[in-house]
Amino acid sequence: RLRQDGVEYVNVGGELVPVAGSTVPHSLGNEDCTWCDGDATIFRVRCGPNYSRNRQKAPSGPALMELVGIDAIKTGYNVGNIGAEVALPDVSGVDTHHAHVPPLFLITWQFPSEPPPLMGTVNDGPGVHMVYYFRLRPEVCDELADLETARPAVRLFAEYCLRAVDDPEWRGRFKAMAYVDNLEDMGLPSFITSYNAKPVLIRRTGTLVRGENYLEMDINVHRFANVAKKGFAMLMSRFKNMYINVGFTIEGRCDEELPECIFGCGRVNKPDLSFAKQVFD
């Protein structure tokens with residue numbers, strides 16, 4: 001392996017390929033510009049019975065997948081399907097017991113590095129890609145071997161993996177949540193702070209692709225409404241002072257699909273996006 005300009009590369013078929021998760025170091029503490037394991041229980045998720053009437057939520061159970069790496073990649077345009085451009089973790093020994101549930105799930109936030117224009121819309125441009133790499137936990141693989149006895153959230157995740165690539169209705173059940181520990185210290189307006197830890201459905205701004213041993217959801221913030229992009233621009237200018245927890249789940253809509261459960265989560269500590277690495281030409 002070769003490390004150059006803060007990025008680790010491996011030789012694949014005579015070509016140097018960046019190693020997934022090599023641009024942001026892992027930490028057991030809160031060191032700046034690092035990531036650490038997330039706590040799924042800080043996110044409140046739907047629970048039954050009859051959520052549509054009772055509107056009850058409770059802390060999530062443990063995440064279905066473990067975070068194994070994060071990348072911060074500087075680009076001049078949106079790069080889709082990053083899983084095809086990097087050397088992913090070895091999952092040769094992972095058997096998910098389900099033909100459509102891969103061992104890896106990648107989630108990419110495609111953040112613009114320029115503020116939105118006063119007039120018109122911009123759907124692409126320079127920015128930073130924050131890529132989260134999740135791997136299915138062994139106990140969840142065991143549950144997938146017998147869906148009749150699996151938890152509702154595991155069955156729902158399996159159904160999502162089966163349907164969502166081709167079905168926009170299922171793809172639109174993907175929910176993202178962000179909780180900033182110290183958001184009140186940032187001096188932000190209430191229209192931003194009120195969204196702390198609230199779920200957001202990713203519909204037209206998300207693209208789901210299937211690759212070898214992985215699914216990848218690319219969330220294009222460039223395509224958010226201008227008001228939302230302005231909010232993101234305010235947040236991004238303060239990222240380097242924030243402790244940011246993110247969680248992802250699939251929306252449950254009936255008692256048979258509840259309680260929901262975070263399938264992947266993680267925490268980044270004061271990420272300074274100016275240190276994002278130029279990985280792709």
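Q: Which element gives the largest share of the lining of the largest cavity?
A: In this predicted model, the largest share comes from α3, with three residues. The elements that give two or more residues to this lining are α3 (152–163) and β14 (243–250).

Q: What makes a residue part of the lining of the largest cavity, and which residues are they?
A: A lining residue has an atom within 4 Å of a cavity point. Leu64, Ala153, Leu156, Phe157, Thr249, Ile250, Cys261 and Phe263 line the largest cavity. The space in this cavity is about 50 Å³, and the structure holds one cavity of 30 Å³ or more.

Q: How is the lining of the largest cavity divided by class into nonpolar, polar and charged residues?
A: Seven residues are nonpolar, one is polar and none is charged. Cys and Phe count as nonpolar, and the lining includes Cys261 and Phe263.

Q: Why does Ser22 count as buried?
A: Buried means under 20% relative accessible area. Ser22 has 10% relative accessibility, so Ser22 counts as buried. Ser22 lies in the loop between β3 (15–18) and β4 (34–37).

Q: Why is strand β9 described as largely enclosed by the rest of the structure?
A: Of the 10 residues of β9 (residues 127–136), nine are buried, so the strand is largely enclosed by the rest of the structure.

Q: How do you know that β9 pairs with β7 and with β8?
A: Pairing takes at least two bridges between two strands. β7 (residues 65–75) is joined to β9 by 10 bridges, running antiparallel, with Met65 opposite Leu136. β8 (residues 104–112) and β9 share nine bridges, also in the antiparallel sense, and there Gln110 stands opposite His129.

Q: What is the strand order of the open sheet of five strands, and why do β4 and β11 stand at the edges?
A: The order is β4-β15-β14-β10-β11, with antiparallel pairing. β4 and β11 (200–201) each have a single partner strand, so one side of each is left without a neighbour in the sheet.

Q: What joins β4 to strand β15?
A: Four bridges join β4 to β15 (residues 264–269), and the two run antiparallel. Thr34 has Asn269 as its bridge partner in β15.

How values were computed:
Residues numbered from 1 in each chain as written. Predicted model: local features only at pLDDT ≥ 70, side-chain atom pairs only at ≥ 80, totals over all residues. Heavy atoms only, no water. 1 Å grid on protein atoms, 1.4 Å probe; cavity = no way out; pocket = protein on both sides within 12 Å on 5 of 7 lines; lining within 4 Å. Points joined across faces, edges and corners; volume = space filled by probe spheres on them. Buried < 20%, exposed > 50% of the residue type's maximum accessible area, 1.4 Å probe, protein only.
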